[in-house]
Amino acid sequence: ALEAAAGQLADRLLAEARVALLSPPSRSREIGADADEGGEAARGGGTDQDDELAEALRLPRGRVSECALAVARLCRCCLAAAALVRGRGARLLVRRARELLELFVALAPTRVSSPVPHLSLLLHNDCRYLAHACLTLPLPYHARLDAAAAADATLVSLVEPLRALAAATLRAALHAQSAALLSTLRRAEGFVSVGEDEAAGAAAQRATHQLVRELALLRPQWCETLPRGVALSSVSRLAEAVLRPLYESLVALRHISERDSRALHKVLSFLLPACEQLLSAAARSPLDGRCEHLVPSLRRCRQLGRLLDARLAEVVAWWGEGELDAISARDLLVLLRAIWNEEALLANAREMHRALVAEAAL
């Protein structure tokens with residue numbers, strides 16, 4: 001009778017899992033906690049060894065879909081029921097827990113068929129959450145299972161497939177989001193003659209404003225969905241995906257008039273703070289000077305912006321003090337020649353010009 005009841009329960013739990021997997025993928029809930037939240041309560045107040053174990057098993061704060069929560073709950077039900085019976089019924093329930101997770105791995109990616117970043121990021125979190133569940137769910141029940149069921153109760157073999165799916169999903173989301181940002185940047189048409197040509201200036205302004213809007217949208221989509229560490233790493237890559245080609249476009253300019261300089265300086269003054277705000281939102285705290293370590297092109301663009309708004313004498317002084325160190329000698333030489341003519345450089349910055357030419361030739 002117990003074996004028959006176990007079989008009926010296993011079938012019912014599988015049916016519930018199928019319903020959960022067909023539910024709207026956007027429904028989610030915040031779980032976990034950041035490492036710096038909770039103080040002594042978060043550490044548990046136990047021994048150092050207990051605290052280390054608690055830290056290893058701690059889930060970082062992030063959003064998880066109702067579907068993944070339901071799958072974990074149903075797996076827990078399978079294991080709890082298996083601990084109450086023996087023999088084939090226990091083994092059936094334990095195997096059903098594994099089947100529920102395997103069903104998620106097989107079907108969950110098909111739920112994210114649209115290019116909506118939030119859904120992909122939820123799937124990433126779901127996979128990480130269920131990988132964590134594979135390590136922790138069996139622990140309270142293992143000692144109460146009979147030997148045969150206990151041998152099947154380990155879910156460790158599912159951890160790697162779930163983590164691999166999480167990593168692949170995040171890579172795809174980053175690739176798609178980077179491509180979208182780069183597409184917007186290209187509407188600026190290389191920032192050529194933005195101060196001299198009205199149409200070019202308008203195109204650059206539209207592209208810049210659109211980029212700022214898209215960066216602002218990344219905050220609810222990425223920063224409020226992913227765990228803090230993953231969010232910070234991800235938006236750092238996205239900011240770099242914008243600023244690196246922007247920097248390369250500006251360095252590629254062969255003539256930058258005074259009007260161009262003012263227009264380009266305005267572009268950078270508008271865009272760089274948007275990137276910094278995004279990084280701070282991902283970190284959930286002000287980053288101060290750490291932004292430049294996370295996004296190397298941010299420092300280069302910031303120094304380039306100073307260059308565009310400076311007199312030649314100021315540039316010479318900054319170069320001498322090492323304040324233009326993020327810009328390579330070759331790039332700095334190209335920029336100087338685009339902004340000032342050779343005669344002005346030789347007359348007012350001969351030593352710097354000679355040193356840059358020698359370093360660029362190496």
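Modeller: Before we start, axes here are lines fitted to C-alpha atoms, for helices over the stretch in contact, and angles run from 0 to 180 degrees between N-to-C directions. Helices are DSSP runs (H or I, at least four residues), numbered from the N terminus.

Colleague: Fine. What kind of model is this, and how are residues numbered?

Modeller: The model is predicted, so local features need pLDDT of at least 70 and side-chain atom pairs count only at pLDDT 80 or more, while totals for chains, interfaces and linings use all residues. Residues are numbered from 1 along each chain as its sequence is written, and side-chain values use heavy atoms, with hydrogens and water left out.

Colleague: At what angle do helix 8 and helix 10 cross?

Modeller: Roughly 30°, with the axes of helix 8 (residues 159-186) and helix 10 (residues 228-251) coming within 10 Å. That makes helix 8 roughly parallel to helix 10 (angles under 35 degrees count as roughly parallel).

Colleague: Which residues of the two helices make that contact?

Modeller: Helix 8 brings Leu 170, Leu 174, Gln 177, Ser 178, Leu 181, Leu 182 and Leu 185. From helix 10 come Val 230, Ser 234, Arg 237, Leu 238, Ala 241, Val 242, Pro 245 and Leu 246. Contact means heavy atoms within 4.5 Å.

Colleague: How does that contact divide into nonpolar, polar and charged?

Modeller: There are 11 nonpolar, 3 polar and 1 charged. Ala, Val, Leu, Ile, Met, Phe, Trp, Tyr, Cys and Pro count as nonpolar, Asp, Glu, Lys and Arg as charged, and the others, Gly among them, as polar.

Colleague: Take Leu 174, then. Buried or exposed?

Modeller: Leu 174 is buried, with a relative accessible area of 5%. The cut-offs are under 20% for buried, over 50% for exposed and partly exposed in between (1.4 Å probe, protein chains only). Not counting residues up to four places away in sequence, Leu 174 touches Trp 222, Ser 234, Arg 237 and Leu 238.

Colleague: Okay, switching to the largest nonpolar core. Which residues touch the most other members?

Modeller: Phe 191, Trp 222, Leu 243, Leu 304 and Leu 336, out of 69 residues. A nonpolar core is a set of buried Ala, Val, Leu, Ile, Met, Phe, Trp, Tyr and Cys residues joined through side-chain atoms within 4.5 Å.

Colleague: And which helix gives the most to this core?

Modeller: Helix 11, with 12 residues. Apart from this core lies another one of 50 residues, among them Ala 10, Cys 75, Leu 130 and Tyr 141.

Colleague: Back to Phe 191. Where is Phe 191 placed?

Modeller: In the loop between helix 8 and helix 9. Phe 191 is buried, at 4% relative accessible area, and its phi is near 60°, a positive value in a residue other than glycine. Leaving aside neighbours within four places in sequence, its contacts include Leu 185, Leu 246 and Val 267.

Colleague: What about Ser 193?

Modeller: Ser 193 has a positive phi too, about 55°, although it is not a glycine. Ser 193 sits in the loop between helix 8 and helix 9 and is partly exposed, with a relative accessible area of 30%.

Colleague: Last one: at what angle do helix 9 and helix 11 cross?

Modeller: Roughly 0°, and their axes come within 10 Å. Helix 9 and helix 11 are therefore roughly parallel to each other. Among the residues that meet are Thr 208, Leu 215 and Cys 223 in helix 9, and Val 267, Phe 270 and Leu 278 in helix 11.

Technical notes. Angles under 35 degrees count as roughly parallel, over 145 as roughly antiparallel, 65 to 115 as roughly perpendicular and the rest as oblique.
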